Amino acid sequence: MSDLRFMQMALQMAERNLGQVWPNPAVGAIIVKDGAVVGQGATARGGRPHAETEALKQAGEKARDATMYVTLEPCNHQGGTPPCTGAIIDAGIVRCVVACGDSNPKVNGAGVAALKQLNCRLSGLEERSPQRVVCDRSGRITAEKNLWVLAEKSPEDVLKTLAEKGVTRVLVEAGKTLSTAFFHSGCVDKIYWFRAPKLIGEDGLSGVGSGFAAELASASHFKRERLLQLGDDTLEVLCSAAS
Ligand SMILES: [Zn+2]
């Protein structure tokens with residue numbers, strides 16, 4: 001199997017705990033020796049342990065002289081856990097394929113630099129990893145590595161600009177104004193609606209803007225696809241009939 005296939009497996013691992021690993025990013029790691037997967041790991045719920053150390057634990061001694069595929073640059077700093085680069089080196093991994101550099105200023109190239117001393121390499125797979133985008137029309141946020149800042153005025157223009165950059169799937173995580181604008185633009189395929197069993201009443205801020213809830217409840221072309229209980233909260237997934 002090619003590097004790309006193994007990285008796809010690592011990306012699938014990364015999705016396993018997606019949404020449950022805050023404050024850390026959802027990362028996946030696969031360890032391959034002689035063409036066989038000997039270890040796999042995903043960032044655990046709550047953000048720790050990291051995917052790399054999980055995969056190393058599973059591989060044990062088989063990690064020696066093996067290749068690691070990891071979806072994000074391994075950390076090289078002492079955080080809540082010891083740096084993963086140290087664990088990778090100690091385990092005897094001889095090659096490390098990384099899909100995407102980490103823009104976190106604590107990492108930002110340092111992880112890859114540490115691994116390069118071991119003949120590890122950064123492959124050109126950046127385009128397969130999520131790209132962070134911020135919509136900011138007032139120029140308060142400056143663009144940086146792995147962060148695009150868009151000043152477009154409408155959801156249609158935002159999506160057009162992203163499409164020109166080759167982005168085909170977008171997850172909008174927004175407050176009332178932007179999420180409502182996207183909803184009314186007709187460009188939304190799916191809505192992930194989280195609800196907590198709390199009544200805040202008139203002191204609360206509305207999560208959605210005018211017309212959103214009424215339209216959703218009445219002649220909406222959105223149909224419920226799934227209803228999940230997540231602890232005390234519920235997640236309702238609504239799917240557009242047009243998509
Ligand atoms: Zn780490």
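1. Where is Asp-34 found? Asp-34 is in the loop between β1 and β2. The model under review is a predicted one, and in it the phi of Asp-34 is near 50 degrees, a positive value in a residue other than glycine. Asp-34 counts as exposed because it has 9 C-beta neighbours inside 10 Å, and the cut-off for an exposed residue is 12 or fewer.

2. Gly-35 is also found in the loop between β1 and β2. Gly-35 has 8 C-beta neighbours inside 10 Å and therefore counts as exposed. In sequence Gly-35 and Ala-66 are 31 residues apart, while their C-alpha atoms are 9.5 Å apart in space.

3. For the protein as a whole, the secondary structure comes to seven helices and 10 strands. The C-alpha trace spans about 60 × 40 × 35 Å along its principal axes. The protein has 243 residues, of which 27% count as buried. Among contacts with a separation of 6 or more, 59% are accounted for by residues 24 or more positions apart.

4. Which residues touch the most other members of the largest nonpolar core? They are Ala-10, Ala-29, Met-68, Tyr-69 and Val-70, in a core of 38 residues. At least two residues of this core come from each of α1 (3-16), β1 (28-33), α2, β3 (67-70), α3, β4 (95-98) and α4 (110-116). The element that gives the most is α1, with five residues. In soluble globular proteins, nonpolar side chains tend to be buried together.

5. With its neighbours within four places in sequence left aside, Val-70 is in contact with Ala-10, Val-27, Ala-29, Ala-51, Glu-52, Cys-96 and Val-98.

6. Is helix α2 mostly covered or mostly open? Helix α2 is mostly covered, with seven of its nine residues buried. These buried residues are Ala-51, Glu-52, Thr-53, Glu-54, Ala-55, Leu-56 and Ala-59. They pack against α1, β1, β2 (36-42), β3 and α3.

7. The pairing of α2 with α3 can be described in some detail. The axes of helix α2 (residues 51-59) and helix α3 (residues 84-91) come within 9 Å and cross at roughly 20 degrees. The two helices are therefore roughly parallel to each other, since an angle under 35 degrees counts as such. Their crossing is left-handed. On the α2 side the residues that meet α3 are Glu-52, Thr-53 and Leu-56, and on the α3 side they are Cys-84, Ala-87, Ile-88 and Ala-91. By class, this contact has five nonpolar, one polar and one charged residues.

8. The backbone on either side of α2 also deserves attention. Pro-49 lies in the loop between β2 and α2, and the peptide bond from Arg-48 to Pro-49 is cis, with omega near -10 degrees. Just after α2, Gly-60 takes a positive phi of about 55 degrees.

9. In which loop is the place of Asp-65? Asp-65 is in the loop between α2 and β3. Although Asp-65 is not a glycine, its phi is positive, at about 65 degrees. Asp-65 is exposed because 11 other C-beta atoms lie within 10 Å.

10. Finally, is Asp-102 buried or exposed? Asp-102 is buried, because 22 other C-beta atoms lie within 10 Å and the cut-off for a buried residue is 20 or more. The place of Asp-102 is in the loop between β4 and α4. Apart from its neighbours within four places in sequence, Asp-102 is in contact with Leu-72, Glu-73, Val-107, Asn-108 and Gly-111. Asp-102 and Lys-116 are 14 residues apart in sequence, and the C-alpha to C-alpha distance between them is 15 Å.

Definitions and conventions: Residues are numbered from 1 along each chain as its sequence is written. This is a predicted model: local features need pLDDT of at least 70, side-chain atom pairs count only at pLDDT 80 or more; totals for chains, interfaces and linings use all residues. Axes are lines fitted to C-alpha atoms, for helices over the stretch in contact, and angles run from 0 to 180 degrees between N-to-C directions. Helices (H or I, at least four residues) and strands (E, at least two) are DSSP runs, numbered from the N terminus. Angles under 35 degrees count as roughly parallel, over 145 as roughly antiparallel, 65 to 115 as roughly perpendicular and the rest as oblique. A crossing is left-handed if the near helix is turned anticlockwise from the far one by less than a right angle, and right-handed if clockwise. Two residues are in contact if their C-beta atoms, placed from the backbone, lie within 7 Å. Ala, Val, Leu, Ile, Met, Phe, Trp, Tyr, Cys and Pro count as nonpolar, Asp, Glu, Lys and Arg as charged, and the others, Gly among them, as polar. A nonpolar core is a set of buried Ala, Val, Leu, Ile, Met, Phe, Trp, Tyr and Cys residues joined through C-beta atoms within 7 Å.
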